[in-house]
Amino acid sequence: MFLTVLNMARGRFHGDRWWKVMRLKEQCQHYLKRSLRNRCGVAYRHLRRALIHQTKGRRLKVYATNILRNQRLEAACDEHEIGHRRFKRGLNKSGVTLNQHMLNILSMYEPRTFERLVELAERTEIETVLGVHEPLPERRFSANKINI
Amino acid sequence: MSFGRANQQWATFSRVWHILNADRQPAGGIGVLVSRYVQGLHKPIYHPTSDVGDHVVVVNAKKIAYSGNKWEEKVFTAHTGRRKGRVRMQAFKVHELDPTWIIRRNIYRQIPNNLLRRTLFQRVHVFEDENVPAEIMENVTNVLIGPRPVPKAITDYTEEEKDSFPKLFLRDKYFLKS
């Protein structure tokens, strides 16, 4: 890392090649092989590939996080004995606009809130679709429930 | 962290042992269910690279059910790699040779094909009947429900229920072959 702005700027515009090399090396200091830490031509190839992967990975990361969040939401709905589609439908109808990320956080750290959301979703669906206020089944909060 | 919260943390991240009775259950459905629990997809803290899967003990693997004529018509194929090495075996024969093979194959194939598969498969314990070693049984704390609602077999009915069941006609010696 360069301690002054002057030093940082020095290597950028037709400056001493040493500064350019330094700027490259500070990205490669964590490489395990000694040749990659010292030989800049070889290191440049690795670094360039890594940066390309990072650029392409930005879109893939979004795709992967969406899948993961969906899996977590399905697991949470399973714990509370409701279908995940039914849950989303009910929340949509009742106007609750929490996204998947927030629902995951609630299901992990705020379980009682999530339980109330599940009940809200069920009640909304029953009242809007059937138009009748039905009593909901008794609910126990525990994972992997057995109906005896 | 306070005392109660630390306990909650331990409980959330501990590896749980489940037991599943495969009596009269479909082999494919068991594969899906078990692979789900072994990967940890039933937990809201799931992540593919963190080790959140559980152990599953499958019991009564000998008594799985296939619908239709699959026991006779379903054929498992393999090739040894040598000449004339094609092996074809009907499902009932495979089940005779190794009663746990069909279930283990289904579970293995349902786990995603990556480097974690073999480790996760080691956490699946399949037994052909109810004899489970004591070291495994003392870890089990949860019961899983199978995918199929089990129908009642004639052996499940008690004598009183059989006698009191309504009959269409009375048995007469004249109508029965003696």
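This is a predicted model: local features need pLDDT of at least 70, side-chain atom pairs count only at pLDDT 80 or more; totals for chains, interfaces and linings use all residues.
## Order of elements in chain B

Helices (H or I, at least four residues) and strands (E, at least two) are DSSP runs, numbered from the N terminus.

Residues are numbered from 1 along each chain as its sequence is written, and chains are lettered from A, with ligands numbered from 1, in the order in which they are written. Local features need pLDDT of at least 70 and side-chain atom pairs pLDDT 80 or more, whereas totals for chains, interfaces and linings use all residues, and side-chain values rest on heavy atoms, with hydrogens and water left out.

## Overall dimensions and surface of chain B

The radius of gyration of chain B is 22 Å, whereas a compact globule of 178 residues would have one near 16 Å; the radius is taken over C-alpha atoms, and the globule rule is 2.2 Å times the number of residues to the power 0.38. Along the principal axes, the C-alpha atoms fill a box of roughly 80 × 60 × 30 Å.

Of the 178 residues, 35% count as buried, a class that means under 20% relative accessible area, with exposed over 50% and partly exposed in between (1.4 Å probe, protein chains only). Where contacts (heavy atoms within 4.5 Å) in chain B join residues at least 6 apart in sequence, 67% of them link residues at least 24 apart.

## Helix α2 of chain B and its surroundings

Helix α2 of chain B covers residues 27-39, and its 13 residues reach 18 Å from the first C-alpha to the last, close to the 18 Å expected at 1.5 Å a residue; the expected span is 1.5 Å times one less than the number of residues. Its buried residues include Ile30(B), Leu33(B), Val34(B), Tyr37(B) and Val38(B), and the buried residues of the helix pack against β1, β2, α5, α6, β5 and β6 of chain B.

In the loop between β1 and α2 lies Arg24(B), which has a positive phi of about 60 degrees although it is not a glycine. Just after the helix, Gly40(B) takes a positive phi of about 95 degrees.

Asn104(A) is placed in helix α6 (residues 100-109) of chain A and is buried, with a relative accessible area of 3%. Leaving aside residues up to four places away in sequence, Asn104(A) touches Arg69(A), Arg72(A) and Leu73(A).

Glu81(A) is in the loop between α4 (40-79) and α5 (84-93) of chain A, where this non-glycine residue has a positive phi of about 60 degrees and, at 41% relative accessibility, counts as partly exposed.
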